[in-house]
Amino acid sequence: MLTVSNLSVQFGKRVLFDEVNVTFTQGNCYGIIGANGAGKSTFLKILSGEIDPTSGRVILEPGKRMSVLNQNHNMFDEHTVLETVLMGNKVLHAIKTEMDALYLDYTDENADRIGELQLQFDEMNGWNADSDAGAMLSNLGISSDYHYTLMSELEGKLKVRVLLAQALFGNPDVLIMDEPTNDLDFETIGWLENFLANYENTVLVVSHDRHFLDAVCTHVSDIDFGKINHYSGNYTFWYESSQLAAKQKAQQNKKAEEKKAELEEFIRRFSANVAKSKQATSRKKMIEKLNLDEIKPSSRRYPAIIFETEREAGDQILNVQNLSASIDGEVLFSNVDLNMAKGDKVVVFSKDSRATTAFYEILNGNQKADSGTFDWGITTTQSYLPAENHDFFKSDLNLVDWLRQWAKTEEERDEVYVRGFLGKMIFSGEEALKKCNVLSGGEKVRCMLSRMMMLRANVLMLDEPTNHLDLESITAFNNSLKNFKGSVLFTTHDHEFAQTVANRVLEITPKGVIDRYMTFDEYLEDPKIKEQRKAMYS
C-alpha cells in the first residue's frame, strides 16, 4: 500500500533517518512513536510530500488516495465549513467545481463534458457527498447551524474538528494524522476511536494520548536509533514489552528458562486483555507468535517523578461551599460544594476549560470567587501546577538557581542536592545550567514538576499537566500519581491519566456540580449521568 525505500534524512550534520525501509499495509493502524526530536512529524511530512528526504523514495500504490490532517488552521478561511470538508477528496471536489462552472455557462458544446463529469461524479457517490460530509461534521460536534458558515468565523477548537472531518471524508486509502485528539473533548475522541478501530484502510497516527493509541493501533512504529521498526500490538503492549526487554537485557546471567517463563506469562496476560475491537483476533495471534528478541530495549529516557510528602495530612483536606465564578457576566460554574477526604484523587472537569482553570486559581488565592468559601485543612500543604506557567520563567536564572528558590534548608540549597532534582527530570550536566527563559514548553513543565517534588506538599493541584510533555514523561508522571500517598485535584485531556489516577469525578458546570465516587470511564458511560450532564449545559 505505502512503501518507504532507502529513506535518509539529514539536517546539517544531524542524521534523523538512516536508510529506512518500511511498508505500511492495508487494514492496519500504525502508531508512530519516538522521543521528542526523533522525527515523528518530519516523517509524516515526508510521506505526504510536504518535504523531500535527503535520499530515498516514498511509493504510494497507483490509484490510491492519501489524506492528511491539515495543521494550517487558517488555510480554508474563505470557504464554508461544508465545502472545506468536501475539499478533503480533491478529485471529487475538482469534478464538482468544474461541473458547477459548466452549468452556469451551459451550451450545447459543453453538454457532453457535463455528461462525462456526471458519470464520474455518480461513480464516486458524489450526489451523497453533501449529506455524508454533514453527517461527519455532526459526529464531530459541529451542528448543521455551522455547515454554511465561513471557516474564518469559527473559533480555533471548531476549526480543528472541521479539518479532522476533511481528513476523514471520502474513505481515503491512506490516512495520515499528527496529534488528531488535540482540542477534542472526551466524547469526540471516543467517536474517533470507534471510527478508526473499524476503518478498513491504512492509518498512520502520531499522538501523545495513550488511551487513543491503545484503542486504535494494530501496530506501533518505533523511531529509534535512526530506524523505524514495526511491532504488533498497541502502545501499552509495546511499552511493557520494551520495559521487559530492557529488564531481561540487564539480567544477562538469568537462566534462559526463567526468561522464557517470564515472557510466556507476559503474553498470557496480554492475550487475555486484547482490545475488544475488530483487531482483537489478529492481534492475539500476533502476540502469541512474539519473540522477545524482536523487541529492542528503547534508547528513551524516562524521568524519575517521585512525589513525597513532608508530613501526612489529617482527615480534613478541603471544604468548598457554594463556590461560583464568571467572566464578563458569563457564568463558568456555580454552587460548587466539595468535601475532599484524605486520599481522594479527584478529576475536575468541565466542557469549558476556563471553568476548571478559574477553580484552581480561586483555590490558590490568585482569583476571587463571585460567591462561596473554601477552607484547607490545617494539616495540609498544597502545590500547584498551573496550565500557564510563563510567569515562573521571566528571569534569566540558570536552572540550578531557578530551582533553588524553593529550597527550605541550607542542605536543600546545596548545588549537588538541587542538581539531583534536575537530574531526575533529565536535566543532567550542562543542561542544568541552561537559562530558564529559553526553555521549550515540555522543559518548563519538567522544571515545574521538579519544583513540586521539592515542595513535598501533601495535596497536589494539576491543571492540564500533560500539555507539552512527551509520552515518556506522561507515562512516568501517570505512574507516580497512582503511587502518591497524598490527595490530588487534577484536570486533564489525557483519558488514561483520568481513568487510572482518579477515584472521584467532579464536573463543574454553569448550573451546578456533579460529584461521584467512581472511575472516569464509569462516569462517562453512566446513562443517568449522561442525562444530568445534558441538562446542566443546556
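These questions and answers walk through a predicted model.

Me: Helices α6 and α7 pack together, so are they roughly parallel or roughly antiparallel?
Reply: Two packed helices are described by the angle between their axes and the distance between the axes. Helix α6 covers residues 156–168 and helix α7 covers residues 186–197; their axes lie 13 Å apart, at an angle of about 5 degrees. Angles under 35 degrees count as roughly parallel. That makes α6 and α7 roughly parallel.

Me: Which residues in α7 are met by R161, L164 and L168 in α6?
Reply: Take the contact by class: six nonpolar, one polar and one charged residues. On the α6 side stand R161, L164 and L168. They meet T188, W191, L192, F195 and L196 in α7.

Me: Which element gives the largest share of the lining of the largest pocket?
Reply: This pocket holds about 1,200 Å³ of space. Its lining has 36 residues, and D185, F186, E187, T188 and K351 are the closest to its centre. The elements that give two or more residues are α6, α7, α12 (353–363), α19 (520–525) and α20 (527–537). The largest share, six residues, comes from α7.

Me: How many charged residues are in the lining of the largest pocket?
Reply: Sort the lining by class. Seven of its residues are nonpolar and twelve are polar. The charged residues number 17.

Me: Which element gives the largest share of the lining of the second largest pocket?
Reply: The second largest pocket has a volume of about 890 Å³. It is lined by 32 residues, and N182, E464, T466, N467 and H468 lie nearest its centre. Two or more lining residues come from α12 and also from α16 (441–455). The largest share, four residues, comes from α12.

Me: How many polar residues are in the lining of the second largest pocket?
Reply: Use the classes again. Nine lining residues are nonpolar and ten are charged. The polar residues number 13.

Me: E179 has a positive phi, but is E179 buried or exposed?
Reply: Most residues other than glycine have a negative phi. E179 is not a glycine, yet its phi is about 50 degrees. E179 sits in the loop between β6 (174–178) and α7. Its relative accessibility is 16%, and the cut-off is under 20%, so E179 counts as buried.

Me: What is the relative accessible area of N335?
Reply: N335 belongs to strand β11, residues 330–341. Its phi is near 50 degrees, a positive value in a residue other than glycine. N335 is partly exposed, a class that falls between 20% and 50%. Its relative accessible area is 42%.

Me: How far apart in space are S232 and T218, C-alpha to C-alpha?
Reply: S232 has its place in strand β9, residues 227–232. S232 is partly exposed, with a relative accessible area of 28%. In sequence, S232 and T218 are 14 residues apart. In space, C-alpha to C-alpha, the distance is 6.2 Å.

Me: Which residues does L82 touch, not counting those up to four places away in sequence?
Reply: L82 is part of helix α2, residues 81–86. At 5% relative accessibility, L82 counts as buried. The residues it touches are D130, A133, G134, L137, H147 and Y148.

Me: How far apart in space are L82 and S334, C-alpha to C-alpha?
Reply: Start with the sequence. There, L82 and S334 are 252 residues apart. In space, C-alpha to C-alpha, the distance is 36 Å.

Key:
Residues are numbered from 1 along each chain as its sequence is written. This is a predicted model: local features need pLDDT of at least 70, side-chain atom pairs count only at pLDDT 80 or more; totals for chains, interfaces and linings use all residues. Side-chain values use heavy atoms; hydrogens and water are left out. Axes are lines fitted to C-alpha atoms, for helices over the stretch in contact, and angles run from 0 to 180 degrees between N-to-C directions. Angles under 35 degrees count as roughly parallel, over 145 as roughly antiparallel, 65 to 115 as roughly perpendicular and the rest as oblique. Contact means heavy atoms within 4.5 Å. Ala, Val, Leu, Ile, Met, Phe, Trp, Tyr, Cys and Pro count as nonpolar, Asp, Glu, Lys and Arg as charged, and the others, Gly among them, as polar. On a 1 Å grid over the protein atoms alone, a cavity is a set of points where a 1.4 Å probe fits but cannot get out, and a pocket is an open set with protein on both sides within 12 Å along at least five of seven lines; lining residues have an atom within 4 Å of a point. Grid points are joined across faces, edges and corners, and a volume is the space filled by probe spheres set on the points. Buried means under 20% relative accessible area, exposed over 50%, partly exposed in between (1.4 Å probe, protein chains only).
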